[in-house]
Amino acid sequence: MTALAKPVSTALAALLVGGVLTTSSPPAVAAAAPDLPTAVAGNPFVDGWYADPDVAVYGDRYWVYPTTSKRYAEQTYLDAFSSTDLVHWTKHPNVLTTADVSWAEEAVWAPAPVARNGRYYLYFAANDIQGDTQLGGIGVAVADRPEGPYRDAIGRPLVDAFHNGAQPIDQDVFIDDDGQAYMYYGGHSHANVVKLNPDMVSLGRFADGSTYREITPSGYVEGAQMFKRGGRYYLMWSEGGWTGPDYSVSYAIADSPTGPFAKLDEVLAQDPAVARGSGHNAVLNVPGTDTWYIVYHRRPLGETDGNHRQLAYDRMYFNADGTIRRVAMKVQDNFADDNTHGWKTHGGTWTASGGRLRTDASAGGKALLDTNFGDFTQDTQVTVTSGGGDAGLVFRATRPAVGADAYAGYYAGISPAGRVVLGRADNSWTSLGSAPLTTAVGTAHRLRVTAIGASIRVYVDDMTTPRLDVVDAAFASGANGVRVFNAAATFDDVAVGPAVGPVANLAQGRPATGTPPCAPGEGPEKAVNGTVTGGNGDKFCSSTPGAWLRVDLGASRSISRFEIAHAQAGGEQAGFNTRAFGLSVSPDGTTWTRVVDVAGNSAATTVHPVSGVSGRHVRLDVGTPTGTTDGATRIYELRVFG
C-alpha cells in the first residue's frame, strides 16, 4: 500500500467553492490532501450509481455532493460523501429529500454546495421542467451542518422558468474575491449567469438592470462549472448526450466572471480502454496549493444503462500559459480504502483489507477491472501467501467465467516453485513460456506486463530486462486483472496505462496518409493511434480499389517486424479481414522496396517478421480488401517495430 500523507490543518480560515479559495464564513480549515495523480485507491472512489458531482471543503473535510443516478421518478433524494484525505470516504445519506421541498417531486439533480452567513446552502434542480407552465426549476436549501438535513430556504424555485433558452438545471455557485456570488446554470444548450444577493436566496441585477445574462459558448449542452485561477475565470461545461459515449467536458477562459467565453479545447472525453460518457464535472483545488483535481462521472465499459454512472476523479494540470492540459483517466488501485469498487470476481473468495487485495487458493479465481486495453503496461505487486501454485496478472481478457481457464486472454504468474510463467487461455491452457525465478512463499514481487500488438514482455522486479519475451497475436484487447491457480495470494499497487519500455511501435502517432476514407473520422490517422478498442470507428476505412496507407516514421529506422490489426481485431466480422496485401519501405517516399506479400489471409491480426529491412516510410497496399464481396479496406492498426 502506498503511504499517504496525513491531513494537516492550516491556520487560514478558508472555503473552497467550485475550486475557488475565498474568505467566507463559516471558516474552513482546509485539509492537506496528498499530491495524487488520480484516485490511487481506485475509481470509482465511492460505491453506487451517482452523477453530476460538485465539491466543497468544510472544516478539515472534502465534500462531494452528487446526483443519485436512477430513473427520474426515483431521484427524490441526495446523498453526500466526505473525506479528510480523498481516499477514505464516509457516506452521508439523504442530506436533502423531496419531503423537505414542497414543490419538488422528482429529478433532483446536480447539487451545488456553498457556505456563507454561518450557514450551508445547497442549490439543486428538480422536476426537469420542459416549459414555463410547469412547476420546478432551480431551488435552494439550507442547513446548519454540511451533512444536513437541508430544507427548502424559500418555499419555491429560485429560478422557475426558461430565460434565454436555458432550462433551469445544472447550477454551479461561485463566490468571487470581492464577495460577489454568481450562479451559472443551464440546459438545452444554453447557459446563463445570474448574481446572487448577499442573502444567497435571492437574485440580484447587473449594472444594465438585467437579471439573466446569457454566456453560452460554442458546443455547450449543460453542466456549467466556474473556477478562478491566476486572476482568470475558467468556465467548464459538458457536451454531447449524457447517455452516450461522446459526453465530454470543454472549457473557456475569460478576464471577467461574465465572459465572454470562447471555447478553447475539450479536456475530458471517453477513453475506449477505461470508461465512456465522462462528463458533468466539478473542480477541486487543494487550498493553499496549486494542486487541482477534476471530479466527474463516467459510465463503465460493460454498462449500457444510461443511469449506470459512477464518480471518479483525476489530476488536472495546467500549461505555463494557464490553459488546461487534456485529462488522462488513469487506472490505479492501491486498496488503501480497503474496498473493491470497480472490480468483478470470477471464482475464489476476494476481500480488500490491510491495504491489499486478498484471495484464498482456488483453481483459477480471477478479479477483473472493467477495462479494454490493447497496448499497455500493467504493474502489480504480487505475493503468494500459501500453496504451491501461482499468482499473477490477467490481461486482454474477455468472456470471463468461473473456472481455471474460463476466459479468453493471457496470464503471467509467479510461483514459489521457482518460476515465472506466461500462457494463453481460451477454455484451455497454452503455455507461451516460463523462466526460473528465485522466490518463496511470502515474498512480494513487482510483476509487470508490457503488451504492444503481438509483443508480450514479462518483467519481475527488474524493469529493464524481461524474464519472458514472446510474440503471440491471438488476443488484441480486453480486461486487466489478477488471478491465482492453486495458491492464496495478495495483490497491491495495481496500475494499468500506456505501454512503457523499449518495445515501441514506431508508427504510433506518426503522420499517416492514404486513399479517401469511407466516412469522416475513418482516416489514415486512426491506423496509427495506438488502439483497436475504440469501436467500429477506430479504423482506417477506404472503399477505393487498390487502397493504400502510408506512414512517415520521421527518420530511417531498422525494422524487425510489422503487425496489422484487421477488421476482426476491432470487433467486426472475420470475413472483413484484409485478404491480400503487401508492405513496402522507402528511404525517401519515392523509391519503394516490397518486403512483405500476403495472399489468402483470414486472421484478425497478422505478424510479419523481417530482417535486413530499414526505411523512413512504410506503405501498405491492398490487393483484395476482404474475404467477402464487400469492397472496403479496414485497417485498425498498422504497427512497425525496430
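Student: In this predicted model, is Cys518 buried, exposed or partly exposed?
Tutor: Partly exposed covers relative accessible areas between the 20% limit for buried and the 50% limit for exposed. Cys518 has a relative accessible area of 33%. Therefore Cys518 counts as partly exposed.

Student: Which residue does a disulfide join to Cys518?
Tutor: A disulfide is a covalent bond between the sulfur atoms of two cysteines. The cut-off is 2.5 Å between the sulfur atoms. Here the S to S distance is 2.1 Å, and the partner of Cys518 is Cys541.

Student: How many disulfides does the rule give?
Tutor: The pair Cys518 and Cys541 is joined by a disulfide. By this rule the count comes to one.

Student: Is the link of Cys518 and Cys541 left-handed or right-handed?
Tutor: Look at the angle about the S-S bond. For Cys518 and Cys541 the value is -70°. The link is left-handed.

Student: How many residues apart in sequence are the parts that this pair ties together?
Tutor: Cys518 lies in the loop between β36 (512-514) and β37 (540-542). Cys541 is in strand β37 itself. So the pair ties together parts that are apart in sequence by 23 residues.

Student: Is Cys541 buried or exposed?
Tutor: Buried means under 20% relative accessible area. Cys541 comes in at 4%. So Cys541 counts as buried.

Student: How many aromatic pairs does the structure hold?
Tutor: Ring centres must lie within 6.5 Å to pair. With that cut-off, the structure holds aromatic pairs to the number of 24.

Student: Is the pair of Tyr182 and Tyr184 stacked, edge-to-face or tilted?
Tutor: The ring centres are 6.4 Å apart. Stacked needs planes under 30 degrees apart, and edge-to-face needs over 60. The planes of Tyr182 and Tyr184 are at 40°, so the pair is tilted.

Student: What angle lies between the planes of Phe335 and Trp343?
Tutor: This aromatic pair is tilted as well. The distance is 5.8 Å centre to centre. Phe335 is buried at 0% relative accessible area, and Trp343 is buried at 10%. The angle between the planes is 35°.

Student: Which residues do ring pairs link into a cluster?
Tutor: Here the linking is done by ring pairs. The cluster is made of Phe373, Phe376, Phe395, Tyr410 and Phe475.

Technical notes
Residues are numbered from 1 along each chain as its sequence is written. This is a predicted model: local features need pLDDT of at least 70, side-chain atom pairs count only at pLDDT 80 or more; totals for chains, interfaces and linings use all residues. Side-chain values use heavy atoms; hydrogens and water are left out. Rings of Phe, Tyr and Trp (its six-membered ring) pair if their centres lie within 6.5 Å; planes under 30 degrees apart count as stacked, over 60 as edge-to-face and the rest as tilted. Buried means under 20% relative accessible area, exposed over 50%, partly exposed in between (1.4 Å probe, protein chains only). Helices (H or I, at least four residues) and strands (E, at least two) are DSSP runs, numbered from the N terminus.
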